[in-house]
Amino acid sequence: MIPVNRVVDEIPARLDPESAEWLRMLAVTGPQQDTALARLHEMLLRIAQRETRRRGPRMLIAGPELEDLAYQAAADALMAITAKLSQFRGESRFTTWAYRFVILEVSAKLGRHFWRRPDVRLEAEEWDRLPGRFGFEPARESEWRDLLAAVRRAVDTELTARQREVFVAIVVNDVPLDALAVRLDSNRNALYKMMFDARRKLRAALAANGYLDDDDSGHS
Amino acid sequence: MNGWSALDRFLRTDPRDVGCAEAMEMLHVYVDVVAAGGGAEERYPGIAAHLRACGPCGEDFEALLAAVRDDAG
């Protein structure tokens, strides 16, 4: 646990009273700290349970397994929060800062859990599912067939091998970003940046061939 | 939305997009500004651009915002 004087001395002046109270209670070893930790754990668990129940069905997780995952996420988040308490600088409310830990834990744990599904194979390329991913209607295939063939050509010719691997996994095979990060021993940020560059390249190739317009401002 | 516009939107990139690491680092600050109704998109355009484009970070943002609003409600 963080030494008392270190946390209390560093409580920012602009902190709202409730956040300051959390810091004071968590910093002082004893019954007050135990009460604060128990209350915080209860709050984290409630959020973890809600998030796992909301996201679980998509990952084909339910029942006790989902409940276990929520408990693990809350426990790990509480540990991270107490370890990083001195890093809280009062830029937000304390509880908002703390809740972020449990939500990121839920995301990471669900990503790891994804690979327990028996039907998941990273190597498969399910290109026939691509139209459905973007909502192209089968009845109007004559209108989009050429476009999607051009997308596939651009994926094969414009992207690096690694970009292609990531694009196919995420877009074609519908592997969640966090799950792919686990499998490739990478992280969400690195894979997102790879996808960002891949999207830019693909759009440029499709625009050069007249399938999409040239405007890539992306501002909305 | 039809397939063309969905694909077009997916392939568009915003140069202001800060990426996952920076967006997640500042997520609690961003969420508190949103919850207070205080123009988060104007103050943090790079984070706003990222949350629009990144599914997992967007989902984490919505989850954190829901948790904060639950407390307030």
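How many residues does the contact take from chain B and from chain A? Chain B supplies 39 residues and chain A supplies 50 residues. The model is predicted. Between them, the two chains bury about 3,900 Å², and 58% of that area lies on carbon and sulfur atoms.

**Area and composition on the chain B side**

- The residues of chain B that touch chain A divide into 21 nonpolar, six polar and 12 charged.

**Polar and charged pairs**

- The rule finds eight salt bridges across the interface of chain B and chain A.
- Arg46(A) forms a salt bridge with Asp71(B), with the closest N and O atoms 3.6 Å apart.
- Residue pairs in polar contact between chain B and chain A number 17, counting pairs with both residues at pLDDT 80 or more.

**Helices of chain B at the interface**

- At least two residues of the side touching chain A come from each of α1 (3-11), α2 (20-25), α3 (27-35), α5 (45-53) and α6 (55-72) of chain B.
- α6(B) gives the most to that side, with 11 residues.

**Cys57(B)**

- Cys57(B) is in helix α6 of chain B.
- Cys57(B) counts as buried because its relative accessibility is 0%, where buried means under 20%.
- Apart from neighbours within four places in sequence, Cys57(B) is in contact with Arg188(A), and within chain B with Cys20(B), Met24(B), His50(B) and Leu51(B).
- Ala23(B) is 34 residues from Cys57(B) along the chain, and their C-alpha atoms are separated by 7.7 Å.

How values were computed: Residues numbered from 1 in each chain as written. Chains lettered and ligands numbered in written order. Predicted model: local features only at pLDDT ≥ 70, side-chain atom pairs only at ≥ 80, totals over all residues. Heavy atoms only, no water. Contact = heavy atoms within 4.5 Å. Buried area = accessible area lost by both parts, 1.4 Å probe. Salt bridge = Lys/Arg side-chain N within 4 Å of Asp/Glu carboxyl O. Polar contact = N/O pair within 3.5 Å; in protein donor to acceptor, adjacent residues only side chain to side chain. Helix = DSSP H or I, 4+ residues; strand = E, 2+ residues; numbered from the N terminus. Nonpolar A, V, L, I, M, F, W, Y, C, P; charged D, E, K, R; others polar. Buried < 20%, exposed > 50% of the residue type's maximum accessible area, 1.4 Å probe, protein only.
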